[in-house]
Amino acid sequence: MKTACFIPFIYFFIAFTTFHYTLAQGHKTKHGTVDLPISCNPAAQQNFHTGLALMHHMMYEQAEHEFASVAKTATDCAMAHWGIAMSVIHPLWGERPSDADLQKGQAAIKKAAQQKDLTAREKAYINAVAKFYENWENRSYADQLKAFEAGYKEVHEAFPDDVEAAAFYALSQLATAPKNDQTFAKNRKAGEMLENLLAKAPDHPGLFHYIIHAYDNPALASRAISVAREYDRIAPEVPHALHMPSHIFIRLGQWPDAVDWNIRSAEAALRQSSGEEVSMHYAHALDYMAYGYLQQGWDKKAQEVIAKMKKEQAYAPSFATAYALAATPARLSLETGNWEAAAALPVRAPENFPWDKYPGAEAITHFAKGIGAARSGNVPVAEEAIADLKKLQESLTQKGDNYWAAQVEAQQKSVEAWLQFQKGDQEKALATMREAADKEDALDKHPVTPGAVLPARELLGDMLLLVKKPAEAEKAYNASLKISPNRYNSLYGAARAAEMAKEKQKAVDYYDKLLNTAAKADSDRKSLQHAREYTRKNKKRAG
């Protein structure tokens, strides 16, 4: 009798300890392992964790769908409504949610706060997000993000062992990190905290993702290599997880890796797009892919990417989509020095896209047209581009979007410089071009882009070469390479500067690096032909 009673107890004990071990280890989903217990039914908990993992991957639309599914079946599940409110906030995308989305998020977080029997942790999470929505009609997006950071700082301090709270706090720090801080102090702090957490939660999607964002800058990129190469281990089918490692590869000039990961990302994004609209993650991956191809001299491959982009006619509207649609075709013309083609780029293509919402992205096309026109002698188109850029810059300033307003101002100055050069005022042109380069370099690149469509510092190097100042030109190209290692045109420019200065060995070294970078190029660029010929002749003589 005692034995019979004891056996059920053993089974109960095993089940109980297994359940608590699972909680301690987190909740594993096919998108990684997360752990945020909520006071809802077990079925809701599972779907909630799926949404949470997707949110850490920044697959916000899919995450909101999961949270909405929970809220529909468990209307009193406060954290499901918290998830809906969180899914509206895209802290690193540089895009303020629409008024409609902000209204939806605010309604969701109010509903979350109204639920009964909330745990202390749930109250803290809900209060953190409520700070973001408080009086949003009369606050700037920058102030909303600061409130978001303050809210999650409180959660993290109240629950220091909570990995989710720490991850969101780190994300909020990255969202408010100043773009003009060349020491990347806030990024370092967030990155170090995330690295320490990764040892505790090695399959957590937010830790992988936010570490890459923390170190997505020239000074710190090498610290994220191992994380970048392992990210797909926890989410092999998530488009953004397959894309994110390329942020690090591009910062280090590792072009083949950047291309390969974005091929996988684009394929996953296209598979997972709805029947009506193509995912923004598809366009985003194509832009990074084309950039990686162009830096290797794979111009035909880049053309194929543009053809794929144009094949799709209905894209989900977002700033990332707008940026990719404008930047990808512009890159091909500018990187290959096809100035006439750049000057002829169509504005606002495709026509069915809501360009009015994205002046910072639209500016790219006007910039490309202006540079192309100025460098090919088409003065009217260059002047028109300058006027258009000025209007877009003013629009961004009025909206309080200071980052993109500054970027567009740098683009405008660059076009002005090349038009001044075309008209024969070399001294004024160089001064304007230096001003543009200083403005652009003062701000780190935005996560939406693999790099400047055509770096202002590189354009300064081009101009210095044309006025036969090779030493200054080489310095400009090297400054560009410091920000964007292994950039094709900066390597070629530095080699030409050394060649012009009659420093043969230095020129050969630069050309060698360029030829290694473009070892499998399919391009007929004259620069590539010249690099091969110069290296062949001068290596032979040295031997």
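Which residues form one aromatic cluster? Here they are: F48, F67, W82, Y125, F132, Y133, Y141, F148, Y152 and F168. I'll come back to rings in a minute.

A word on what we're looking at. This is a predicted model, where local features need pLDDT of at least 70 and side-chain atom pairs count only at pLDDT 80 or more, while totals for chains, interfaces and linings use all residues. Residues are numbered from 1 along each chain as its sequence is written, and side-chain values use heavy atoms, with hydrogens and water left out.

Okay, the overall picture. The protein has 27 helices and 2 strands; those are DSSP runs numbered from the N terminus, H or I of at least four residues for helices and E of at least two for strands. The radius of gyration is 26 Å, close to the 24 Å that the globule rule gives for 543 residues, so the protein is as compact as a globular protein of that length. That radius is taken over C-alpha atoms, and the rule is 2.2 Å times the number of residues to the power 0.38. Along the principal axes, the C-alpha atoms fill a box of roughly 100 × 55 × 40 Å. Buried residues make up 58% of the 543, buried being under 20% relative accessible area with a 1.4 Å probe, protein chains only.

Back to the rings. We pair Phe, Tyr and Trp (its six-membered ring) if centres lie within 6.5 Å; planes under 30 degrees apart are stacked, over 60 edge-to-face, the rest tilted. That gives 26 aromatic pairs. Take W255 and Y291: their centres are 5.7 Å apart and their planes at 75°, so this pair is edge-to-face. W255 sits in helix α14 (residues 255-272) and Y291 in helix α15 (residues 280-295), so the pair ties together parts 36 residues apart in sequence. W255 counts as buried, at 2% relative accessibility, and so does Y291, at 1%.

There are charges over rings too, meaning NZ of Lys or CZ of Arg within 6 Å of the ring centre and within 35 degrees of the ring normal. R264 lies over the face of W261, 5.2 Å from the ring centre, and R525 does that to Y488 at 4.2 Å.

Last stop, helix α21, residues 402-422. Its 21 residues should span 30 Å at 1.5 Å a residue, and its end C-alpha atoms are 30 Å apart, which agrees; the expected span is 1.5 Å times one less than the number of residues. This helix is mostly covered, with 17 of its 21 residues buried. After α21 comes G424, whose phi is positive, near 100°.

Technical notes. Buried < 20%, exposed > 50% of the residue type's maximum accessible area, 1.4 Å probe, protein only.
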